[in-house]
Amino acid sequence: PNKKRCALELKRIVNCDGMVVLTGLRHKDYSATPNNAISVQNYIDLFDFANVSVYSEDDILKRYLRKMGANLDKTICVSEAQTQPFINLIAAKNQAKIRSSGQFSEYPHQYGNLKINPLYKEKERGNDKENIYLELNFPSQFYLSEQPQMMDYLPQQVRIPKDLFIDLNKNLHIVNRLISQCVLIDLPSNYS
């Protein structure tokens, strides 16, 4: 809640080669934003001790889904940032440390403890003993209105073989498809 104090603490602990990376920032320039948000320009002003770059959350997501890292050479201006529900911000004392990343061969969300994305709920499907049927289920309409781009890559319904997790190698083509659609993601082991 105290953004100025937070920014001062980040300034204190970040060395000359370090950077502050803030992702998924809400701002008050966008209409569907909570009251405690500040403007895009105010976010930039908080980090007056560094070079500040602003990035489109939507652009980063689209690149990620194509297995590409963020294009950190493509910053957006304040007026463009104001039209987006979320922005990403990097503040670095040494601008040369901000580098784009290229193509990656595997999604980072596929490492670790693969589980079904919690946005999916199991749906009964009669006597089918071989498969599990899932349906996309957003926690609220507000959640969906904040992140409508999820509808572009999350399938509405999914059929998964019940033996999927018994032998991942046997079902590797299915596993890879579910990972690319973000149906299977890395979740903490005690996530419920």
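Contact here means heavy atoms within 4.5 Å. The structure is a predicted model, in which local features need pLDDT of at least 70 and side-chain atom pairs count only at pLDDT 80 or more, while totals for chains, interfaces and linings use all residues. Residues are numbered from 1 along each chain as its sequence is written, and side-chain values use heavy atoms, with hydrogens and water left out.

**Nonpolar cores**

- A nonpolar core is a set of buried Ala, Val, Leu, Ile, Met, Phe, Trp, Tyr and Cys residues joined through side-chain atoms within 4.5 Å; buried means under 20% relative accessible area, exposed over 50%, and partly exposed in between (1.4 Å probe, protein chains only).
- The largest such core has 25 residues, of which Leu154 and Leu178 touch the most other members.
- Two or more residues of this core come from each of strand 6 (131–136), helix 6 (150–153), strand 7 (157–161), helix 7 (172–180) and strand 8 (184–186); helices (H or I, at least four residues) and strands (E, at least two) are DSSP runs, numbered from the N terminus.
- Helix 7 contributes the most to this core, giving four residues.
- A second, separate core comprises 18 residues, including Leu25, Ile38, Ile44 and Val54.

**Surroundings of Leu154 and Asn117**

- Beyond its neighbours within four places in sequence, Leu154 contacts Asn117, Leu119, Tyr120, Leu136, Gln181 and Cys182.
- Asn117 is located in the loop between strand 4 (114–116) and strand 5 (120–123).
- Asn117 is buried, at a relative accessible area of 10%.
- When residues up to four places away in sequence are not counted, Asn117 touches Leu154, Cys182, Val183 and Ile185.

**Cysteines**

- Zero disulfides (pairs of cysteine sulfur atoms within 2.5 Å) are found in a search of the whole structure.
- Cys182 is buried at 10% relative accessibility, whereas Cys77 is partly exposed at 42% relative accessible area.

**Aromatic pairs**

- Rings of Phe, Tyr and Trp (its six-membered ring) pair if their centres lie within 6.5 Å; planes under 30 degrees apart count as stacked, over 60 as edge-to-face and the rest as tilted.
- The whole structure contains five aromatic pairs.
- In one of them, the rings of Tyr64 and Phe104 have centres 5.7 Å apart and planes at 45 degrees, so the pair is tilted.
- Tyr64 lies in helix 3 (residues 57–65) and Phe104 in the loop between strand 3 (87–92) and strand 4, so this pair ties together parts 40 residues apart in sequence.
- Tyr64 also forms a tilted pair with Tyr107, at 5.6 Å centre to centre and 50 degrees between the planes.
- Tyr64 is partly exposed, with a relative accessible area of 23%, whereas Tyr107 is buried at 6% relative accessibility.
- Ring pairs join Tyr64, Phe104 and Tyr107 into a cluster.
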